[in-house]
Amino acid sequence: MSDVNSPMAPATLSAPVVLEARNVIKTYGHVTALAGVDFELRAGEILAVVGDNGAGKSTLIKALTGALHPTSGEILLDGIPVHFKGPLDARHAGIETVYQDLAMAPALDIASNLFLGRELRAPGILGSVFRRLDKKRMRQEAQRAMSDLKFRLPSIDNAVEALSGGQRQGVAVARAALFARKLVIMDEPTAALGVRETGQVLELIRSIRERGLAVVLISHNMPNVFDIADRIHIMRLGRRAAVVTPKTHSMNDVVAIMTGAATA
Amino acid sequence: MSTVIPSSPDRKASLKARIFGTPSVGPFLVLLAFCIIFALTNPRFLATHNLSIILQQTVIIGVLAIGQTLVILTAGIDLAVGAICVLGTIIAGKMVNLGYDPVLSMGFAILVCTAAGLSAGSLISALKLPPFIVTLGILGILTAALRLISSGGAFAVRDPFLAWTGNTMKLGGFVLTYGVLIMFLLYGVVWYLLNETKWGRHVYAIGNNPEAARLVGIPVRRHLLSVYLGAGLIYGIGAWLALGRIPNADPNAMQTANLDSITAVVIGGTSLFGGRGGLIGTLIGALIVGVLRNGLTLAGIDPLWQDLVTGILVIVAVALDQMSRRKN
Ligand SMILES: Nc1ncnc2c1ncn2[C@@H]1O[C@H](COP(=O)(O)OP(=O)(O)OP(=O)(O)O)[C@@H](O)[C@H]1O
Ligand SMILES: [Mg+2]
C-alpha cells in the first residue's frame, strides 16, 4: 500500500499517527476529486503535501478539516473515527487551519484578529454579567504568542491592514499556533511572499514543530518543501502516489512521481 | 484599573498613533469649524439657550443614527429608519387615543419597531438579499401602511407619559430634556457594546470580512439578525423621544431621516464599506447635522437649503472615505 520505502528519522518513524484518512473518495457529479486517498500525519512532523494543479490537495485538506463531507471513506483523529460537521468541529478537536486568504479582519488590530471568535472575557461580574472583554489579557497573550514564535512585529496594536504580506501571514500562523492543540494545516502559506518573508514564515513553521505540534503544509514551492518537510505526501489524480523524504529523494524524483513519469 | 502598565516606547508610539489615527478627530474639527462660522456670523448662536435647543433638535437624528451606525458597520444600510420610527409614533399615538394604557401602548409600539427591524434582518441574513433593497422595500410598504393606519393625516397625541421625554431639567444654564439624557445614555450603552464586548467585535469583523468571520466560527447570520433587531429597538425608543418633542403623530414626518442619519454616520467617519468607524464619530456627526440646521435657520435660510447642504456634506464625506480607502 503505502510506498514508504526508505529509512526515516527514528523520532518520526516511531511517533504515533495523529490524523489519518483511509480510502477517502469525493466526487462532484462526474468529477472525481479524491479517488480513494490515504493520508497519515505523525505527531511532531512537518508533512508537505505536493501535487499538480487539480491533483486533489485542497479537497483532501477540506475533507480533513470538515470544510466538506467526503462521499465515502474514514477519517481518524488519534485513531478514533471522527465526523466533523464543519470547520468549527475540527477547531474544537485541536486542529487549526491557515487558509490561503488568511481569514482576517483587516481593520481590526493584531490581538483582536488572533482572538477573533475566541475572545477572552474579563474575570468576575464584569465578564459574566457585563460581558466585558479582557483586552489587556488578550493583548498580553498576543504579545507572548508572537515572541514565543520569535516573530517580530512593529506593534501589536497595529491594524492587520497596516502589515506587510509576510507579517500578516505571520499573524495567521501565530493564531493557528496559539490555539492548535494537535496540528496545524496550512494551504500555501508562502505563495505571493518575497524571499525574506518566505524565510520568516518557514521559521515560524519550524517553531510550531518545536512546540510539539504536527504540521501539514500544502505547497507548490519545491525548494521550500525540501527545506522544511520531514516527509512529503505526493498526490496524483486524487490518490496518494507516494510518501517520500527529502533525504532519500531528489526534487526531480518528486516531480517525476507527481507527473506520473516515475513511481516511488 | 488596579495595575499600571509601564509605558514602553512602543506603547507611547501607539498612543500617538491612536490620537492622530482616531477617526473622530476629523469630524470634531468639522464640528468646531461650523460652530466658529455660525458663532462669528450670529451672536445668538452660542447662547446657552440656543445650544440647549441644538441638543434637543439633535436627539431624534442622534438616536436614529445609533441604529444606522450598527447597520452600516456590518456593511449594510438602513433606508427604513425614519419610516420605522414614524410607525412607532403612529401606533403609540393611535392606541393612547383609543384609550389604551400609555405605557402598554408605547411598549407595544417599540415592540413593533423591533419586529420591523427583525424582519429586515431576516430577509437580509436568511435570504441574503442586499440591505439596500430590503430596507427600501420596507420603506415603501411602511409609507403606504402608515397612511392607511392614520387615515392619511397627522393627529395630536396628548398624554403625559408619551410626552415625558420632553420634560426638562436645568443644568447650569442649559435646559436639557429627558430625551437628551436618554440619547446620551443610549450612546453610552451601545458604545460599550461595540467596544467592550465580543458582540461588538463581531459586528466589526462581519463588516470587515464576512468570510473570515464565518471561518473563525462567528454565527454570521444570527449576528446580523441581532444587529437589525437592535436597530429596530433603537428606532422604537426614537419614536418615544419624537413624541416627547412634538406631541403629534404624522405619517409624513421624518422625510429627511434617511439623509440625516446616514449623513451623521458617514461624516462621523464610519465607512459605508463596513467594519470601520464608531459611535463617537456618529454623535459628532449628528451634532454637525444639528448645528448646521440650527445655524442656517438662525440665519433665516429656507429649510430647503439645509437639505441641499446636508446632501453635499454626505457626498463629500463618502468621497473622502472612498479616497482614503483607495490609498490603502
Ligand atoms: N466544488 C467543486 N466542484 C466540482 N469540481 C471540483 C470542486 N472542487 C474541486 N473540484 C475538482 O476536483 C479536482 C481536485 O481539485 P483540488 O482543488 O483539490 O486540486 P488541488 O490539488 O488543490 O489543485 P491546485 O494546486 O490548483 O490548488 C479538480 O479536478 C477540481 O476541478
Ligand atoms: Mg488547491
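## Around ligand 1

Start with Lys57(A): an N or O atom in its side chain sits 2.7 Å from an oxygen atom of ligand 1. Keep in mind that this is a predicted model. Ser58(A) places a polar side-chain atom 2.9 Å from an oxygen atom of the ligand, and for Thr59(A) the distance from a side-chain N or O atom to a ligand oxygen is 2.5 Å. As for cover, the protein takes up 61% of the 630 Å² of accessible area that ligand 1 has on its own.

Where do the residues of the shell come from? The biggest giver is α2(A), with three residues. The residues around ligand 1 also include Asp52(A), Asn53(A), Gly54(A), Ala55(A) and Gly56(A), along with Tyr28(A), Val31(A), Ala33(A) and His220(A). Sorted by type, the shell has four nonpolar, six polar and two charged residues.

## Where chain A meets chain B

Now for the protein-protein side of things. Here 28 residues of chain A are in contact with 26 residues of chain B. The two chains bury about 2400 Å² between them, and carbon and sulfur atoms account for 51% of that.

How many salt bridges are there between chain A and chain B? The count is three. Among the salt bridges is a pairing of Arg132(A) with Glu196(B), whose side chains meet at 3.3 Å, N to O.

On the chain A side, α3 (87-92) and α6 (135-148) each supply at least two of the residues that touch chain B. Of the elements, α6(A) gives the most, with four residues. By type, this side of chain A divides into 14 nonpolar, three polar and eleven charged residues.

## A salt bridge within chain A

Over all chains, the structure holds 20 salt bridges. One to look at inside chain A is the pair Asp78(A) and Lys182(A), whose side chains meet at 3.4 Å, N to O. Why does this pair tie together parts that are apart in sequence? Asp78(A) lies in the loop between β4 (72-77) and β5 (80-81), while Lys182(A) lies in the loop between α7 (165-179) and β7 (183-187), so the bridge links parts of chain A that are 104 residues apart in sequence. As a general point, side chains of opposite charge can pair when their charged atoms come close.

Methods
Residues numbered from 1 in each chain as written. Chains lettered and ligands numbered in written order. Predicted model: local features only at pLDDT ≥ 70, side-chain atom pairs only at ≥ 80, totals over all residues. Heavy atoms only, no water. Near = heavy atom within 4 Å. Polar contact = N/O pair within 3.5 Å; in protein donor to acceptor, adjacent residues only side chain to side chain. Areas by Shrake-Rupley, 256 points an atom, 1.4 Å probe, with all protein chains shown as cover. Nonpolar A, V, L, I, M, F, W, Y, C, P; charged D, E, K, R; others polar. Contact = heavy atoms within 4.5 Å. Buried area = accessible area lost by both parts, 1.4 Å probe. Salt bridge = Lys/Arg side-chain N within 4 Å of Asp/Glu carboxyl O.
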